[in-house]
Amino acid sequence: MFNSLSDRLTATFKNLRGKGRLSEADVDATVREIRRALLEADVAVPVVREFTAIVKERALGAEVSEALNPGQQVVKIVNEELQNVLGGETRRINLAKSGPTVIMLAGLQGAGKTTLAGKLGKWLTDQGHKPVLVASDLQRPNAVTQLQVVGQRAGVPVFAPEPGATSESDDPTGDPVKVARDGVDFARAKLYDVVIVDTAGRLGIDQALMNQARDIRDAVDPDEVLFVIDAMIGQDAVNTAKAFDEGVDFTGVVLSKLDGDARGGAALSVRAVTGKPIMFASTGEGVRDFEQFHPDRMASRILDMGDVLTLIEQAERQWDKTEAERMAKKFTDQEDFTFEDFLAQMQQLRKMGSMKKMLAMMPGAAGMREQLENFDEREIDRVEAIVRSMTPHERVAPKIINGSRRARIAKGSGVSVSEVNQLMERFAQAQKMMKRLAQGKGVPGMPGGIPGMGGAGGGAAKKGKSKKKSSRSGNPAKRAQENAALASGQKPAAPGSAFGAQGKDLDAESLNLPKGFEKFLGK
Amino acid sequence: MWILIVAAVVVVLLVVFGILLLRRPKAPRGGYTDTRDLDDVPATEGDTLVEDRPVSTLERPESARGRLARLRGRLAKSNTMLGKGLLVLLSRERIDQDTWDEIEDTLLMADLGTDASLELVENLKKRVRVEGTKDPAQLKSLLREEMLALVDPTLDRSLRTEAAPGKPAVVLVVGVNGVGKTTTVGKLARVLVAEDKDVMLGAADTFRAAAADQLETWGARVGVPTVRSEHEGADPASVAFDAVKAGIDQEADVVLVDTAGRLQNKAGLMDQLGKVKRVIEKAAEVDEVLLVIDATTGQNGMTQAKVFAEAVDITGIVLTKLDGTAKGGIVVAIQRGLGVPVKLIGLGEGPDDLAPFNAEQFVDAIID
């Protein structure tokens with residue numbers, strides 16, 4: 001029933017409210033919950049043990065007694081400690097002072113090294129470097145071909161003198177160490193400034209392959225050795241990380257497949273066991289789905305909390321108060337949401353900075369990354385242009401916009417009539433949704449209600465969720481909301497819609513916002 | 001008032017984002033000229049049947065029977081820590097709470113998950129207390145029984161690869177990225193060839209670079225034809241259909257369909273997988289849907305299994321990369337949660353290192 005750590009802790013502390021101070025027994029109960037939450041996030045057992053000991057010590061200290069809500073306070077401690085362990089600073093890539101910078105990739109089979117090579121190449125290109133990929137994975141059948149295709153997609157040249165194994169029966173021909181060395185020479189001769197060496201995937205215990213990786217390392221003397229690890233990995237993360245740390249002595253970690261719904265406790269394990277920083281996160285199949293690693297976000301993810309708080313904090317800072325009050329009044333009076341309001345809100349939103357960044361912070365944004373990636377910021381300008389081409393009367397009463405008015409609006413804003421139609425349609429749906437919300441009804445058909453949503457989060461994933469109470473939404477924040485909805489006896493809005501699961505009722509209690517949200521509601 | 005303001009802000013954010021972001025897929029100007037998608041090339045042109053290569057010496061793969069016995073050493077290598085460790089703990093002079101905690105930790109480290117670990121510990125605790133035994137042999141048999149109960153030997157673990165008259169058995173292989181689906185299909189083809197079956201491979205992984213080539217080389221070695229699309233990014237459902245169709249025409253016994261890896265939270269890709277299965281079913285029943293899970297996978301494996309079960313109704317699990325240090329304990333949770341048994345295990349990189357799973361031999365390998 002309780003999935004997110006903060007939910008569980010709140011339940012643990014239900015009987016404690018007003019006590020103000022935690023007894024040892026209370027803390028023990030808490031620590032058990034924390035332990036369980038971390039284990040479920042696949043943090044390695046020894047790391048969990050160590051971690052809970054620290055948290056216990058801090059929770060027993062004086063800090064907690066001051067807190068209004070001990071549960072929240074403990075979550076805060078856990079969060080801070082997690083960030084501590086994950087490392088505060090984002091670490092950048094070390095570039096060589098002279099000659100080409102050599103980056104070597106190592107990791108288990110299927111961790112995503114070859115794909116990552118392309119992404120890293122693309123990322124470096126965008127930063128103004130001139131990278132080249134070197135195909136030193138001669139072990140896996142067709143790995144070289146794959147790297148070539150990946151390189152082509154990323155627009156990065158590939159150095160592949162050896163064809164590598166083309167079938168499982170071939171004994172790998174060619175010497176990966178030589179290929180790596182030649183690759184660096186090639187880069188030096190052709191003035192590429194970064195060399196990315198893709199090596200064969202290996203099992204941690206495979207000594208022969210580990211030696212080969214060591215040889216490659218010795219041969220090319222890389223400036224960075226990146227260890228690629230799958231975010232889905234379980235308890236084996238410790239063994240693997242240790243083996244690779246001893247084997248190739250990596251300098252940084254890349255967490256791959258973070259676009260999945262694994263909570264990625266491995267990040268914590270690897271960091272705690274090896275002390276090496278996590279540098280990048282790979283978040284999708286496209287060559288651009290690659291980003292610097294943010295320890296603070298990972299902490300929330302491991303703990304299963306969304307990033308709404310940041311979003312609201314930001315809104316709180318930037319939002320014009322009178323405007324917000326006007327909106328709130330409109331909302332309670334159940335007035336229609338008009339294009340005028342829409343324009344006004346857009347202005348407010350713009351003040352908050354990049355739309356894309358804000359969207360990414362929304363609960364459920366992870367599931368819509370694809371759409372986010374495709375989202376063009378200029379789209380907002382276009383929409384605004386359409387609205388601005390309407391007369392003030394039309395903006396207040398969109399119903400009067402008929403065919404000829406639409407044609408005029410389209411002309412005025414330089415778009416086709418169908419785009420105006422689309423906007424009108426979506427606007428009508430949003431209006432309806434606002435009404436329902438104001439009336440305190442849920443938003444049942446949201447995914448279907450807003451067209452195009454089905455592809456984002458609906459589909460197969462949502463079928464079972466409303467059926468079974470025990471089933472969990474893939475998305476951490478959404479899951480918290482579902483649970484809150486279940487707890488308050490409401491039928492959850494069809495999950496799969498990042499928007500649908502949001503506020504059902506304007507009563508703050510059942511707004512289904514994540515725990516910890518209360519403080520923003522002034523309670 | 002405060003509450004309302006914040007609520008209004010949230011709602012407005014939602015509405016604005018809703019309007020901006022959720023666009024209907026646009027039809028091209030002038031409408032569609034054709035009923036096919038651009039990337040969906042008619043089967044007759046795009047897909048070609050790759051003829052059996054004139055390989056002079058086709059390999060004769062080893063029979064699947066007795067493979068587990070041969071590979072037992074590897075399994076033991078990965079799991080000795082588990083079985084031996086537990087046994088050592090259990091035969092201590094005094095078993096106090098700390099010992100039980102250590103036992104639990106040992107189980108947790110095998111990715112067994114909190115629930116299964118707790119249950120096993122409780123059961124062991126009860127039995128050790130009741131029987132009050134210190135005899136190592138007895139403790140061992142006790143541990144064996146409990147672990148066996150956990151792995152559940154009663155489940156049907158046979159692969160349904162018996163062809164119905166006129167139609168081949170169809171096996172669909174699914175899973176997330178990088179778990180070894182293509183390799184599993186290749187190895188499974190060898191198992192089936194060893195059983196004198198006519199096999200046909202379908203390379204419905206049209207996304208990953210060079211996946212079809214990889215599958216084709218697997219097939220060519222044992223003289224198994226591969227149906228593939230000539231161009232990248234073709235509709236996987238159409239390739240799968242063609243493969244099954246070709247299987248029917250050539251009277252194959254089994255058609256193995258490889259699919260692209262997909263993360264379970266990508267709804268669009270999961271829908272695509274559902275489509276692949278539905279389209280195949282227009283030609284022949286899908287007899288077996290195998291979910292490939294990597295032994296290193298942690299608790300996320302459960303979510304994977306659940307979502308894949310909803311999309312394509314998985315009937316069995318293939319646990320790969322079990323020759324490493326990972327124990328793959330998550331499959332126990334999956335078996336308990338969804339009733340989907342482990343049917344095959346991958347124990348190495350060699351072509352014949354895929355073995356049928358046998359609960360008793362498995363547990364014995366861990367404990368002995």
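Guide: H10(A) is followed by A:Gly275, which has a positive phi near 75°. Helices here are DSSP runs of H or I, at least four residues, and strands are runs of E, at least two, numbered from the N terminus. This is a predicted model: local features need pLDDT of at least 70, side-chain atom pairs count only at pLDDT 80 or more, and totals for chains, interfaces and linings use all residues. Residues are numbered from 1 along each chain as its sequence is written, chains are lettered from A and ligands numbered from 1 in the order in which they are written, and side-chain values use heavy atoms, without hydrogens and water.

Visitor: Why is helix H10 of chain A largely enclosed by the rest of the structure?

Guide: Buried means under 20% relative accessible area, exposed over 50%, partly exposed in between (1.4 Å probe, protein chains only). In H10 (residues 265-274) of chain A, 7 of the 10 residues are buried, so the helix is largely enclosed. Among them are A:Leu268, A:Val270 and A:Thr274.

Visitor: Which residues of H19(A) are buried, and which are exposed?

Guide: An α-helix has 3.6 residues a turn, so residues three or four places apart point the same way. In H19 (residues 403-413) of chain A, A:Ile409, A:Ala410 and A:Ser413 are buried. They fall within an arc of 100° seen down the axis, so they line one face of H19(A). The arc is taken from directions between helix axis and C-beta atoms. On the other side, A:Ser404, A:Lys411 and A:Gly412 are exposed.

Visitor: What covers the buried residues of H19(A)?

Guide: The cover includes helices H17 (378-388), H18 (392-396) and H20 (417-438) of chain A. Contact means heavy atoms within 4.5 Å. Just after H19(A), A:Gly414 takes a positive phi of about 70°.
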